[in-house]
Amino acid sequence: MNLDFDFFLSVLEFATHKHRFQLRKDGASYIEHPIKVCKILKDAGINDIEILSGALLHDTVEDTNTTFEELEEHFGKQITQYVREVTDDKKLDKVTRKKLQIEHSGTISYGGKMIKYADKIQNMGSIISTVPCPFKPYEVAQGYMVWGKKVSEAFRGINSILDKQFDEILKGNITDDNGKIYPALPEGNLDEFLLHYYDLIHDQK
């Protein structure tokens with residue numbers, strides 16, 4: 001579907017309203033995140049309005065009181081399907097949700113993969129660009145990077161622009177509260193560190 005500006009504005013208005021009371025870990029208004037995810041896709045040459053709309057709406061069901069039925073009523077089945085593919089089930093514990101993202105990343109549609117890839121690029125990029133890192137302790141941030149790399153393996157080779165952005169992020173650094181700098185990806189066995197990350201977030205919601 002080609003870009004319909006009026007339709008796209010209605011999607012943006014809906015997402016902005018749904019996220020109006022939310023903030024990111026760094027204190028920014030939450031709507032900045034889906035807008036940035038959408039821009040990452042547009043800058044990578046993805047112009048499909050349903051994929052871009054899915055990017056704007058990708059956290060509405062997971063993080064607000066929005067339902068899939070509501071999305072389908074307003075924006076149709078395809079956009080709703082993209083959102084469904086990238087939405088975690090919050091009834092599950094956090095570690096289970098993280099593991100399922102890895103398991104399911106290769107099974108979703110092209111549009112779902114691109115939205116999820118851009119989401120990871122934006123989240124992981126914000127970790128290395130925010131000083132000090134908003135994740136405490138810094139090992140949680142490193143764990144998120146390891147986990148994000150694992151999820152994104154299924155997206156590699158589809159869009160070279162996104163691949164290049166992702167690779168640059170993995171070369172970055174994380175700064176803790178004391179100004180100490182650590183590599184985004186820890187040294188050593190990443191699979192073992194992923195298990196350590198799961199231990200660190202085990203009690204989080």
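In the predicted model, a polar atom of the Gln142 side chain lies 2.9 Å from the backbone oxygen of Pro183, where a polar contact is a pair of N or O atoms within 3.5 Å, one able to donate a hydrogen and the other to accept it within protein, with residues adjacent in sequence counted only if both atoms are side-chain atoms. Gln142 belongs to helix 9, residues 138-152; helices (H or I, at least four residues) and strands (E, at least two) are DSSP runs numbered from the N terminus. With a relative accessibility of 5%, Gln142 counts as buried, given that buried means under 20% relative accessible area, exposed over 50%, and partly exposed in between, for a 1.4 Å probe and protein chains only. Apart from neighbours within four places in sequence, Gln142 is in contact (heavy atoms within 4.5 Å) with Ile174, Tyr182, Pro183, Ala184, Leu185, Pro186 and Phe193.

Residues are numbered from 1 along each chain as its sequence is written, and side-chain values use heavy atoms, without hydrogens and water. Because the model is predicted, local features need pLDDT of at least 70 and side-chain atom pairs count only at pLDDT 80 or more, whereas totals for chains, interfaces and linings use all residues.

The chain is divided into domain 1 (1-87) and domain 2 (90-204), with bounds that come from an automatic or database domain assignment. The centres of the two domains, taken over C-alpha atoms, are separated by 21 Å, and 20 residues of domain 1 are in contact with 22 residues of domain 2. About 1700 Å² is buried between domain 1 and domain 2, carbon and sulfur atoms giving 68% of this area; buried area is the accessible area (1.4 Å probe) that two parts lose on being put together, summed over both. Within domain 1, Ile40, Glu85 and Val86 lose the most area to domain 2, together 28% of what that side buries.

Across this interface the rule finds one salt bridge, defined as a side-chain nitrogen of Lys or Arg within 4 Å of a carboxyl oxygen of Asp or Glu, together with nine residue pairs in polar contact, both residues at pLDDT 80 or more. On the side of domain 1 that touches domain 2, two or more residues each come from helix 2 (32-43), helix 3 (49-57), helix 4 (60-63) and helix 6 (77-85), and helix 2 provides the largest share, six residues.

Gly45, in the loop between helix 2 and helix 3, is exposed, with a relative accessible area of 51%.
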